[in-house]
Amino acid sequence: MKKTVDGHHALVVNQSYVDPFEPEGAKQWSARLLSRDGVLVSVVQSDVSAEGAGRNLRSALPLTVEELSRIATSKDWEPVMAAVPQAPSPPEPPSTGRMTEREILRNLDKLIPGNLRIANQEGSRTGYADVTVDDGRGESLLTVSVQQWKPGRQELVPLFRNGKNLPGGGRIVTRTAPLQGHPDIVQWDVDVLYDDGRRVLISELNSSSFGTPVTREAPVLSMEQIKSMALARVWRGD
């Protein structure tokens with residue numbers, strides 16, 4: 001049974017058994033009051049003792065359902081409930097996917113030069129997509145991430161410390177380095193962070209995937225080309 005108390009508290013009364021698979025066994029009745037602030041008052045009675053190991057001790061429980069409910073809803077609990085500290089709010093995720101993988105792939109089709117062959121289009125989850133591009137002399141993996149961060153997140157500050165300011169607000173940084181654990185594979189990054197927390201990160205390898213042998217000396221697209229792609233307005237959602 002469930003009902004509302006004082007217009008905002010929920011009272012749930014339950015008449016069941018200690019072991020639900022033994023309906024003829026020990027009984028357990030409860031009355032639980034949940035406040036709108038998430039504070040729970042729970043009154044439970046059973047006809048077994050703690051050391052009884054489920055042994056039925058009496059033929060009837062001492063309190064009726066109405067009496068259990070009166071205890072649970074007593075005004076005497078109010079100062080106790082008010083003193084219970086509020087549970088902390090769940091942590092805010094650092095970022096969320098700004099676009100679906102399909103939207104990212106659709107935009108990439110518009111931005112990748114027409115003389116390149118596009119293969120192995122994949123989207124693992126919202127905000128991320130991978131494609132393989134080939135100019136006939138070897139494939140390159142192109143990874144795009146479009147994210148939405150809360151403006152001013154401190155964990156992003158070190159990433160853009162060496163970047164340049166954008167005319168309309170925001171920062172852009174480029175990076176070139178061997179892929180960690182794979183010195184033959186080079187990774188080129190263009191990372192853009194706008195003032196409203198939108199982040200566009202495009203990475204390119206001189207390999208068809210992370211950890212596989214190199215397919216060419218340098219990635220297919222130049223740094224200037226992926227920089228132009230990262231700054232395209234299609235990622236802004238305008």
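Quick housekeeping. This is a predicted model, where local features need pLDDT of at least 70 and side-chain atom pairs count only at pLDDT 80 or more, while totals for chains, interfaces and linings use all residues. Residues are numbered from 1 along each chain as its sequence is written, and side-chain values use heavy atoms, with hydrogens and water left out.

So where does glutamine 187 sit? It's in strand S11. Helices (H or I, at least four residues) and strands (E, at least two) are DSSP runs, numbered from the N terminus. Is glutamine 187 buried or exposed? Buried, with a relative accessible area of 17%; the cut-offs are under 20% for buried, over 50% for exposed and partly exposed in between, using a 1.4 Å probe and protein chains only. Leaving out residues up to four places away in sequence, glutamine 187 touches several others, including Arg175, Ser203 and Phe210. Touching, or contact, is heavy atoms within 4.5 Å.

Now, the strand pairing. S11 runs antiparallel to S12, with seven bridges joining them; strands pair if DSSP finds at least two bridges between them. Valine 192 stands opposite valine 200 in S12. The two strands form a hairpin with four residues between them, and glycine 197 in the turn has a positive phi of about 95°. S12 also pairs with S8, again antiparallel, over seven bridges, and there valine 144 has isoleucine 202 as its bridge partner.

In a regular strand, side chains alternate between the two faces of the sheet. Which faces of S12 are covered? Both: Arg198, Val200, Ile202 and Glu204 are buried on one side, and Arg199, Leu201, Ser203 and Leu205 on the other.

Next, the cores. A nonpolar core is a set of buried Ala, Val, Leu, Ile, Met, Phe, Trp, Tyr and Cys residues joined through side-chain atoms within 4.5 Å. The largest one has 29 residues, and Leu108, Leu142 and Trp235 have the most contacts inside it. Elements giving at least two residues each include helix H3, strand S8 and strand S12. Apart from that core lies another of 14 residues, among them Leu11 and Val39.
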